[in-house]
Amino acid sequence: MTTLAAPPTKQPAPEKPAPARRGRSRAGRTMKGGKLAYAILIAAVLVSAFPFYWTIVAASRSNADLAKVPPTLLPGPNLIRNFEAVMEEADIGKALLNSFIVSGSITIGTVLCCTLAGFAFAKLRFRGRGALLAVTVGTMMIPPQLGVIPLFMLIAELQWVNQLQAVILPGLVSAFGVFFMRQYLVQSLPDELIEAARVDGASTARIFWSIVVPIARPGMAVLGMLTFMAAWNDFFWPIVALSSQEPTVQVALRQLGGGYVHDQSVIMAGTLLGTLPVLLVFGLLGRQIVGGIMQGAVKG
């Protein structure tokens, strides 16, 4: 008696992968923006760059050209002449040097001190850490104008009036910088690295210079850029502590355009001279800052 073989079982058809949704990036491909996104970006760039372009236009025109209605939107031939007027009315060369000294010193001191304090608040255990951090952050809520009178009395007692250290020393540490570096190191610095360094016999100073600084370099670059720009553009405290004999750029610009009718073209030329160094520093370091942030965001 022969046995009949059972008919083969029909295998289910493999499911087709769902098509990728439009707008999402596939593996190995970069998401491309639409026309609306490019239009918005171009409009944002134009709106952001127009004040700087208008500064160039105003610095290259005469005061009469700026008074016309409607105003001209093309650069003129008076840029070099207005620069010469700026040099005659204010000691802009000395002001630029003083601003570089003040801004550079404040930036180096702020980055170093705030990184040290941020590392202590983020990874070291000591009594009163939370209370000290709360007091540090709380100082950000106090208006800086309230400290002008006691600070001026202090520098007058030290005989620092009209000297650059009167502007440098009060800005060497900032509460924002301490909080910024603390938050950065909390997320970027693993506790295992510090524990491994402790096991190998490294001191706290060796851990800071060999482990913390390389990891915190992107955050330090961002803090340094923000601090440099804030110190360069600061006007309120330098105008109180310094005079026209030892000016920074912002103090020197106050001397421009004097007379019954202010010469706006000369003022704009001085403003352009004071802005170019900041743009130069940002152009040299901007790509490194962005690259450092992206490198720190990628997990190894």
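Trainee: Why is K123 called buried?

Mentor: Its relative accessible area is 15%. Buried means under 20%, exposed over 50%, partly exposed in between, with a 1.4 Å probe and protein chains only. So K123 counts as buried. This is a predicted model, where local features need pLDDT of at least 70, side-chain atom pairs count only at pLDDT 80 or more, and totals for chains, interfaces and linings use all residues. Residues are numbered from 1 along each chain as its sequence is written, and side-chain values use heavy atoms, leaving out hydrogens and water.

Trainee: What makes K123 and D191 a salt bridge?

Mentor: The definition asks for a side-chain nitrogen of Lys or Arg within 4 Å of a carboxyl oxygen of Asp or Glu. For K123 and D191, the N to O value is 2.9 Å. The pair links distant parts of the chain, with K123 in helix α4 and D191 in helix α9 (residues 191-199). Helices are DSSP runs (H or I, at least four residues), numbered from the N terminus.

Trainee: Why is D191 called partly exposed?

Mentor: D191 has a relative accessible area of 36%.

Trainee: What do K94 and E246 tie together?

Mentor: Their side chains meet in a salt bridge at 3.2 Å, N to O. K94 lies in helix α4 and E246 in the loop between α11 (236-241) and α12 (249-253), so the pair ties together parts 152 residues apart in sequence.

Trainee: How do you know whether S265 is buried or exposed?

Mentor: S265 has a relative accessible area of 1%, so S265 is buried.

Notes
Helices (H or I, at least four residues) and strands (E, at least two) are DSSP runs, numbered from the N terminus.
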